[in-house]
Amino acid sequence: MPQELAFFRGGFVPIEEANVNIKTHALHYGTAVFEGMRGNWNEDKEQIFVFRAREHYNRLIQGCKIMLMDIPYSVDDLLDITWELIRRSGYRQDLYIRPIVYKSEELVANLRLQDLDADFALITVPFGNYIEVEGAIRCKTSSWRRIDDNMIPPRVKIAGHYVNSILAKTEATLAGYDEAIFMNHDGSISEGSGENLFMITNGVLTTPPVSDNNLTGITRDSAWTLATQELGLDVVERPIRRTELYLADEVFLTGTAAHITPVGQLDERPIGDGEVGPITGQIRDMYLGSIRGDNDKYSHWCEGIVPNVE
Ligand code: PMP
């Protein structure tokens, strides 16, 4: 039987024992950095393939640097802890893997980062689709603007900045849309609430630079690699204006949770014919074919772990 476990305070424990005190700094102020990765179950190989874990942990460490958080683990240590948790938990299904480094000091009314302890914890949970829509989704330009790098840096996954994403996603879904698209203060496009964004016009992919306040996305990098290496397409990084999306041939979002998600409508305007665009479809199929350890050319993106059988 699979067991829900956590890596917490330096050891593997049942999830019920992985609890923090109400005074924990991160709970009050969002002073944590986290990651979200996927472990993808491959039935034939009887392994869970974890997608681009090293890149996720590198981004976690970048976040720790910005947030003045020290942990006693290298990226290699973190990878070993992750493989061990997956082995011990024994799940034989798709997983979401959530590492978090948080200011664990039990101290309220303190607005500094320095001299406060930080701790690393890791959990895994069974996970299926993030966006429950087959085919192309309907998006809304958010009335919430994207936070700027000089407010709370969006290039890494700082817990507190997710309030911005949550406000936008809530507004969009309460209004009946599937996802929100953020603009920056100057009206340029940043990203989705939890995904990077690409548009395709005349066969060229365009995506906003990370300096337009989006996350340094690992799925973004994977889509970029597949589009250039496998389809021979060009990718351009430049600011995008809202109406360019209305007029694009195709738009898609990229994220660990959302995979490659085609956008069929933005603000009630169909994008292309409103269906899954042909290039988006090809990139999505190649991506989904690479995350379960079945594509030899991209096997370096995946680490296969055999879960323990009790
Ligand atoms: N932007 C935001 C705000 C996100 O939360 C995510 C999900 N991690 C992404 C983009 C996509 O990043 P990645 O492909 O690395 O999951």
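## Surface and charge

The accessible surface of the protein amounts to about 13900 Å², and carbon and sulfur atoms contribute 50% of that area. The structure described here is a predicted model.

Among the side chains, 29 are positive and 46 are negative. The centres of these two sets lie 4 Å apart.

## Overall fold

The protein contains seven helices and 17 strands. Its radius of gyration is 20 Å, close to the 19 Å that the globule rule gives for 310 residues, so the protein is as compact as a globular protein of that length. Along the principal axes, the C-alpha atoms fill a box of roughly 50 × 50 × 30 Å.

Of the 310 residues, 52% are buried. Among contacts with a separation of 6 or more, 70% are between residues 24 or more positions apart.

## Aromatic pairs

A pair of aromatic rings is described by the distance of the centres and the angle of the planes. Ten aromatic pairs occur in the structure. One of them joins Phe51 and Tyr287 in an edge-to-face arrangement, with 5.5 Å from centre to centre and 85° between the planes. This pair links distant parts of the chain, since Phe51 belongs to strand S5 (residues 47–51) and Tyr287 to helix H7 (residues 278–288), 236 residues apart.

Phe51 has a relative accessibility of 5% and therefore counts as buried, because the cut-off for buried is under 20%. Tyr287, with a relative accessible area of 2%, is also buried.

Ring pairs also connect Phe7, Phe12, Tyr73 and Phe120 into a cluster.

Notes. Residues numbered from 1 in each chain as written. Predicted model: local features only at pLDDT ≥ 70, side-chain atom pairs only at ≥ 80, totals over all residues. Heavy atoms only, no water. Helix = DSSP H or I, 4+ residues; strand = E, 2+ residues; numbered from the N terminus. Rg over C-alpha atoms; globule rule 2.2 N^0.38 Å. Buried < 20%, exposed > 50% of the residue type's maximum accessible area, 1.4 Å probe, protein only. Contact = heavy atoms within 4.5 Å. Areas by Shrake-Rupley, 256 points an atom, 1.4 Å probe, with all protein chains shown as cover. Lys, Arg positive; Asp, Glu negative; His and termini not counted. Charge placed at Lys NZ, Arg CZ, Asp CG, Glu CD. Phe/Tyr/Trp six-rings, centres within 6.5 Å; stacked < 30°, edge-to-face > 60°.
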